[in-house]
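Hi,

Here is the structure I promised to pass on. Have a look at it first, and then read my notes below.

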Amino acid sequence: DDSVWSVTVSGSQVCADGEESGLFYFRFEFDTRFGHLIYAKEENDFGAVYKWKDENVHAFQWTVTEDGYETPKSWYGGIMYHVFVDRFAKSEAHPDMPRREDAEYNEDWYHGIPQHAKRPGGEVENNEFFGGNLWGVAEKLPYLKSLGVTVIYLSPIFRAYSNHKYDTGDYLTVDEMFGGNEALEELCRTAEKYDIRIILDGVFNHTGAD
C-alpha cells in the first residue's frame, strides 16, 4: 500500500556496539512515496521532519542505565538547597582566603552591585568575587539544618577563572578561593554530622579556556 511508510531507526545501537549502558543517540528515517525523510530533534528539543538533504538534523538522546540500577532511596523525600558558593557565606574562621591577581573583589557584601553588561548582550568578565567559600558553607550548616535541608547542591567549585566556575580549568582541584580540597573535605565531614548530603555540580559538559 503506497500510504504505508517503512520506518527505520538509525544511530547508536546498544547491541551492535556492545554497550549496555550510557548515552545513545537516535533519529527516525522514513522511506515514503514523497522521498526519504528524517524525523529528528530541533534546537528547541521538539521533533520535526526533515528531508534527507537537510543538514540541520540533531539526534534524540536516550539515557540507558545499567540493568537493575536504582537511585539511592536515602536521598528521596528530602529538601534540597542550592548554594552559589561565592555569594552564600564568608567564613569568620577563615577570613583571609587566597586571591587572584586577575580577579576583582567587591567588599560590599550586602549592597555591592555585581558586574553587568553595559548593554543587553554585552560581554561580562565574570571575574568579580564577593568572597564566599566552602568554609562559610560549613559554618552555616546549623542554619540550613534548622530549615529542614537534607541535601546541599553546590554550584561548581573546581578551579576556574570565573565567579560561577562553569568554565572549569581543573576538574581534580577545588578552587583555592573556595578553600581548596581541604575545605570540601571539612564541609562533607561536618555535613555528615548533621545528616546533610552534598551534591557537586560537576558540569563535565562545560570547560574553560584554561
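**Starting with helix α4**

The face of α4 turned away from its buried side carries exposed residues, namely E182, E192 and K193. Keep in mind as you look that this is a predicted model.

What about the buried side? In α4, the buried residues are G180, A183, L184, L187, T190 and A191. Looking down the axis of α4, you will find these buried residues within an arc of 135°, so they line one face of the helix. The general rule behind such a pattern is that an α-helix has 3.6 residues a turn, so residues three or four places apart point the same way.

α4 covers residues 180–193, and at 1.5 Å a residue its 14 residues should span 20 Å; the C-alpha atoms at its ends are 21 Å apart, which agrees. After α4 comes D195, which has a positive phi, near 60°.

E186 pairs with R189, with 3.0 Å between the closest N and O atoms. Both residues lie in α4, 3 residues apart, which is about one turn of the helix.

**S91, in a loop**

Next, go to the loop between β6 and β7 (104–105), where you will find S91. Is S91 buried or exposed? S91 has a relative accessible area of 5%, and it counts as buried because that is under 20%.

Which backbone nitrogens does the side chain of S91 reach? One is that of H94, at 2.9 Å. Another is that of A93, which lies 3.2 Å from a polar atom of the S91 side chain. If you leave aside its neighbours within four places in sequence, S91 is in contact with N133, W135, G136 and E139.

**Other salt bridges**

How many salt bridges does a search of the whole structure find? The search finds 7. Side chains of opposite charge can pair when their charged atoms come close.

- K73 with E70: the closest N and O atoms are 3.2 Å apart, and both residues are exposed.
- E107 with R99: the closest N and O atoms are 3.1 Å apart. E107 is exposed, with a relative accessible area of 52%, and R99 is exposed at 53%.
- R159, D170 and E176: these are linked in a network of salt bridges.

Happy looking!

Terms used
Residues numbered from 1 in each chain as written. Predicted model: local features only at pLDDT ≥ 70, side-chain atom pairs only at ≥ 80, totals over all residues. Heavy atoms only, no water. Helix = DSSP H or I, 4+ residues; strand = E, 2+ residues; numbered from the N terminus. Expected span 1.5 Å × (residues − 1). Buried < 20%, exposed > 50% of the residue type's maximum accessible area, 1.4 Å probe, protein only. Arc of directions from axis to C-beta. Polar contact = N/O pair within 3.5 Å; in protein donor to acceptor, adjacent residues only side chain to side chain. Contact = heavy atoms within 4.5 Å. Salt bridge = Lys/Arg side-chain N within 4 Å of Asp/Glu carboxyl O.
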